Amino acid sequence: MRAIILALFWVVATALQAQEVERITLAKDATDEAILHIYKPAGKAERTPAVLICPGGGYRGLALDREGHDMAKWYASNGILAAVLEYRMPQGRNEVPLSDAEKAIALMRANGERWKIDTGKVGVVGSSAGGHLAASLSTLAADENRPDFAILYYPVISLEDDLAHQGSKHNLLGEKAGDAEMVRHYSLQYQVDDKTPRTLLLLSDDDKVVPPMNSIRYYSALKEHGIPASLYLFPKGGHGWGIKYDFAYYQEVKDLILKWLAQAEIWTR
């Protein structure tokens, strides 16, 4: 038994050593700072795709493990550079998270040569409220900061009352949460355009936190604009599963992501 434990420890330690992590401060204010954690794939001589990972947390906090660092380790283990964005909380300053995300993706492309990134294959991954941020980057960002693809896990999309996750809405908009024009601006199904990147949506039918219609309306908007998109709706799982091992479709999610990336000619094993 001791030999098995030591062997497992060696495997885990080797894997952790293989994933070099770099930490960069993107922005600071009086109460918070934005940090980018770069996970580089091991043993890759050629340029690789990259993903900017936006964890969820209702724009109040961050689920940094299962929707951030754990995901980054998995993407990096498959030869994709992964950057976890520890973005600042808006506290009603609606422009802050997107500003951090734009700085992050611009930095990743600017460091393409140093980090061996294929700068034409820089995507965004987002979960829940982080999915709203990822979709904001896909629809509201300056053209040069749009991602090349997006992978959204059970995302918040609409801030309209029939679909909104109220915590995310009020934390993002603050006193502007009652402003109809602002609500529509951040209801991202209305902001899809011809420059929005191809998107993969992953969610559960029994999600009681963020209604599945958020993703369905975003998917419909993507198709109306001729954007390649795929939506996988699992029968059970609720909300917030990220990359948890106890999610019933844990392996299926990983397989679907890699197949989707391969089909889009973004990634090859």
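Start by selecting Lys-116: with a relative accessible area of 37%, Lys-116 is partly exposed (buried means under 20% relative accessible area, exposed over 50%, and partly exposed in between, with a 1.4 Å probe and protein chains only). Its phi is positive, about 60°, although Lys-116 is not a glycine. You will find Lys-116 in the loop between α4 (112-115) and β5; helices (H or I, at least four residues) and strands (E, at least two) are DSSP runs, numbered from the N terminus.

Before moving on, keep in mind that this is a predicted model, in which local features need pLDDT of at least 70 and side-chain atom pairs count only at pLDDT 80 or more, while totals for chains, interfaces and linings use all residues. Residues are numbered from 1 along each chain as its sequence is written, and side-chain values use heavy atoms, with hydrogens and water left out.

**Colour by confidence**

Now colour the chain by pLDDT, the predictor's confidence in each residue, from 0 to 100. The chain has a mean pLDDT of 92, and 93% of its residues reach 70 or more. Residues 1-18 have pLDDT below 50, and beyond near neighbours in sequence this stretch has three contacts in the model (contact means heavy atoms within 4.5 Å). Where pLDDT is low, the predicted coordinates should not be read in detail.

**The sheet**

Next, show the strands. Eight of them make an open sheet with mixed pairing, in the order β1-β2-β4-β3-β5-β6-β7-β8; two strands pair if DSSP finds at least two bridges between them. Look at the edges: β1 (20-28) and β8 (229-234) each have a single partner strand, so one side of each is left without a neighbour in the sheet. On average, neighbouring strands of this sheet are turned by 15° against each other, direction ignored. Axes here are lines fitted to C-alpha atoms, for helices over the stretch in contact, and angles run from 0 to 180 degrees between N-to-C directions.

Select Ile-24 and you will see Leu-36 of β2 opposite. How much of β2 is covered? Seven of the eight residues of β2 are buried. On to the next pair: β2 and β4 are antiparallel, with five bridges, and His-37 stands opposite Val-84 in β4.

Strand β7 (residues 198-204) pairs with β8 in the parallel sense over six bridges, and Thr-199 has Ala-229 of β8 opposite. Lying across β6 (149-153), β7 and β8 is helix α8 (residues 213-224), which runs at about 160° to β8.

Select Ala-135 in helix α5. Ala-135 is buried, with a relative accessible area of 0%. Not counting residues up to four places away in sequence, Ala-135 touches Leu-152, Ile-157, Leu-188 and Tyr-218.

Then go to Ser-187, in the loop between α7 and β7. Ser-187 also has a relative accessible area of 0% and is buried. Its side chain reaches the backbone oxygen of Val-183 at 2.8 Å. Leaving out residues up to four places away in sequence, Ser-187 touches Ile-157, Ser-158, Leu-159 and Glu-160.

Tyr-154 is in the loop between β6 and α6. This residue has a positive phi of about 35° although Tyr-154 is not a glycine, and at 1% relative accessibility Tyr-154 counts as buried.

**Last stop: helix α6**

Which residues of α6 (residues 166-173) are buried? Ser-168, Lys-169, Leu-172 and Leu-173 are. Turn the view to look down the axis: the buried residues of α6 fall within an arc of 100°, so they line one face of the helix (the arc is that of the directions from the helix axis to the C-beta atoms). An α-helix has 3.6 residues a turn, so residues three or four places apart point the same way. Finish at Gly-174, which follows α6 and has a positive phi near 55°.

Note on methods
A polar contact is a pair of N or O atoms within 3.5 Å; within protein, one must be able to donate a hydrogen and the other to accept it, and residues adjacent in sequence count only if both atoms are side-chain atoms.
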